[in-house]
Amino acid sequence: MVSKKKKKYSSGEGAQFMTRKAALKKLQLSLKDFRRICILKGIYPREPRNRKRAQKGAGGIKTLYHTKDIKFLLHEPIIWKLRDLKVYQQKIRRARATREFGRMRKYLRDYPSINIDHIVKERYPTFVDALRDLDDCLTLCFLFSTFPSLKKVPRNQSMLCRRLTVEFMHAVIAAKALRKVFVSIKGYYYQAEFEGQTITWIVPHHFSFQPQNKDEVDFKIMSTFVEFYTMMLGFVNYKLFHSMNLVYPPQLTAGFSPDSEKDLIDEHAYVAERIAALNISLAKVAGANEVEELPEIDIFQSEDGDPQKLEEAKQEAEKVKKLKTMFKGLKFFINREVPREPLVFIIRCFGGEVSWDRDHFVGATFDESDESIAYQIVDRPSMDKQYLSRYYVQPQWVFDSINARTLLPINKYLMGAVLPPHLSPFVDKIKDQVYIPPEERALKDPDFKPLDDEPSGSDIEEASDEDADEKNEQESEEDGDTALARQYQQEIAEDSPSDDEDGEDNLDPEKKKLAKEKKKSMAVVSGVPYKENPYQKQIEDKQAFRLREKLVRKKHRNLYKSMKAGQEKRKKEIWLLRKKRRLHDEKVKEEKKAEKRKQKMQAFEAATA
């Protein structure tokens, strides 16, 4: 009996992958609906190992999906909902064409909505899974919260993003979960920590929205992502509020309550309402107990038995505990030229009280004339009226203090002062090849001095004097050592004849000769120092390293090569950054020299005039 011939591409990569066209045919969906359901379910195109086999011998580059993912979509109830929506749209079109406007209004009123609660539960079975995947969700929701009414973005979607983002910021304030902040040209980078999960997101600057002339960004796809993310963020906010015994939804200002119909006049009014909402204390659940603080870290024996790691973890926990109450009992007043939203959010996260001018913005809690204000945040060179009972600092002081986890000295951040560089706290400590700016090194190590610093004449003289003193001390120590050695040798020489004389008669001349040779061989002789050639040692090390590289197994060789390529790339990046910094420092030095020359010339001209 002849065995049945196996069909080509019925197994292996040919059977594992499916093209987008075949997936559309199998699911009987339009491309628009297929994209939407893939975004909601978290199914993305895949890259095969062998594209020719995966495409069943077809040429070109096609979008491929896993066959099991497409089969998984066949059982999704949303597909039937999408088909119902398609039927409903046809009914609305027919009613409009036949001018039956009453029926058309009825269809629009009863238009079915898609519920995606089960998808959120399916993709994130536990709360920690949702927190772990919250970075992109928050970044996109904060972006959409700044959008006005656009053609392809529903108005209610941007309003929902505004409400949910304010709720999440309130949750961060209540839990005192903020850890790091950084201001960049893209916006404000924040990092918070909930249940051991680190969440990082970006909040864009509030600039006037510029509509795009070309369709460079597909807002429809972004809107589909936001549809899923708003549902997910709603669940996360609900869980966070209830874990802290807070009422959900929170009672915020009128512009942010879910059942409010208040229309804000313009973007400035919205921003003012948003900041006022951040400055409100939340209501707690009636009869609920206070949220218990986390207990101290228990000390267990680690697997590697390293007590240093345990000590580091304990110190980190202590630092975080102090950071949470860094601004407790302090009052801040923000001038009108300073961006208020990030500062209000940050100050309230660490226990401080904040206010602003009530004549310009809503939501102020105390006036500028309050004598209990500790810090006034300004961004101008000078002020006519100043109070002696407070410090006038620039906004960067707040951000740098949080990243340093302590209240920094204000002398570098006073009004009108030239600010130090704003360093990023988002540095990967695991990577060994990282460029560290001189300012950051100086913060970590107070004794650090940059190599570019040229010492003045007096410093050189002091250094030379110290070197001379050290040299004299070394010489005196050497003289003392040599004198002791001489004395010791003389004592040995004095003792040795007496011993020889005692046994002189008994020993034969041959034995005497052997004893003398033995003494000579046992004598201490000053050694010759061996000078190691560093260049030769470098060559030998390189050769040994190449030999070790050849011993790497074949299956690990590609991984090793990619690791080495990554190291070389990082080295190049560090070298470029150092070169950039060196050129900048040289330029600054030249400018200072030119300024000094100019001042000297002006002084000389004034003296000769």
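## Ground rules

The model is predicted, so local features need pLDDT of at least 70 and side-chain atom pairs count only at pLDDT 80 or more, while totals for chains, interfaces and linings use all residues. Residues are numbered from 1 along each chain as its sequence is written, and side-chain values use heavy atoms, with hydrogens and water left out.

## The chain as a whole

Let's start with the overall picture. The chain has 21 helices and 9 strands; these are DSSP runs numbered from the N terminus, with helices (H or I) of at least four residues and strands (E) of at least two. Of its 609 residues, 30% count as buried. Here buried means under 20% relative accessible area, exposed means over 50%, and partly exposed lies in between (1.4 Å probe, protein chains only).

The accessible surface comes to about 42,900 Å², and 53% of that belongs to carbon and sulfur atoms. Such areas come from the Shrake-Rupley method with a 1.4 Å probe; for residues, only the protein chains shown count as cover. Among contacts (heavy atoms within 4.5 Å) with a separation of 6 or more, 62% are between residues 24 or more positions apart.

Which residues of helix H2 are buried? In this helix, residues 20–27, they are Ala23, Leu24 and Leu27. Seen down the axis of H2, these buried residues fall within an arc of 100 degrees, so they line one face of the helix; the arc is that of the directions from the helix axis to the C-beta atoms. The face turned away from the buried side carries the exposed residues Lys21 and Lys25. Cover for the buried residues includes strand E1 (17–19) and the helices H3 (31–41), H5 (67–73) and H6 (77–97).

Glutamine 28 follows H2 and has a positive phi, near 55 degrees. Leucine 29 then sits in the loop between H2 and H3, and is buried with a relative accessible area of 11%. Not counting residues up to four places away in sequence, leucine 29 touches Leu24, Phe34, Ile37 and Ile79. The C-alpha atoms of leucine 29 and leucine 82 are separated by 8.7 Å, although these two residues are 53 residues apart along the chain.

## The nonpolar core

The largest nonpolar core has 99 residues. A core of this kind is a set of buried Ala, Val, Leu, Ile, Met, Phe, Trp, Tyr and Cys residues joined through side-chain atoms within 4.5 Å. Its members that touch the most other members are Leu134, Val172, Trp201, Phe327, Phe345 and Trp397. Helix H12 (residues 219–243) gives the largest share of this core, 10 residues.

Take valine 172 as an example: leaving aside neighbours within four places in sequence, its contacts are Ala177, Leu178, Ala192, Phe194, Trp201, Phe345 and Cys349.

## Aromatic pairs

There are 25 aromatic pairs in the structure. Rings of Phe, Tyr and Trp (its six-membered ring) pair if their centres lie within 6.5 Å; planes under 30 degrees apart count as stacked, over 60 as edge-to-face and the rest as tilted. Tyrosine 188 and phenylalanine 399 have ring centres 6.3 Å apart and planes at 15 degrees, so the pair is stacked. This pair links distant parts of the chain, with tyrosine 188 in strand E4 and phenylalanine 399 in helix H16 (residues 396–404), 211 residues apart.

Both tyrosine 188 and phenylalanine 399 are buried. They belong to one aromatic cluster along with Phe142, Phe168, Tyr190, Phe194, Trp201 and Phe345.

Serine 184 lies in the loop between strand E3 (178–183) and strand E4 (187–194), and counts as buried at 19% relative accessibility. Its side chain reaches the backbone nitrogen of lysine 186 at 3.1 Å. The backbone oxygen of serine 184 lies 2.9 Å from a polar atom of the side chain of histidine 205. Polar contacts are pairs of N or O atoms within 3.5 Å; within protein, one must be able to donate a hydrogen and the other to accept it, and residues adjacent in sequence count only if both atoms are side-chain atoms.

Histidine 205 is placed in the loop between strand E5 (197–204) and H12. Beyond residues up to four places away in sequence, histidine 205 touches Val183, Ser184, Ile185, Lys186, Gly187 and Tyr188.

## Backbone details

A cis peptide bond joins tyrosine 248 and proline 249, with omega about -5 degrees. Proline 249 is in the loop between H12 and helix H13 (267–278).

Lysine 56 is not a glycine, yet has a positive phi of about 55 degrees; this residue counts as partly exposed at 44% relative accessibility. Glutamate 195, also not a glycine, has a positive phi of about 50 degrees. Glutamate 195 lies in the loop between E4 and E5 and is exposed, with a relative accessible area of 53%.
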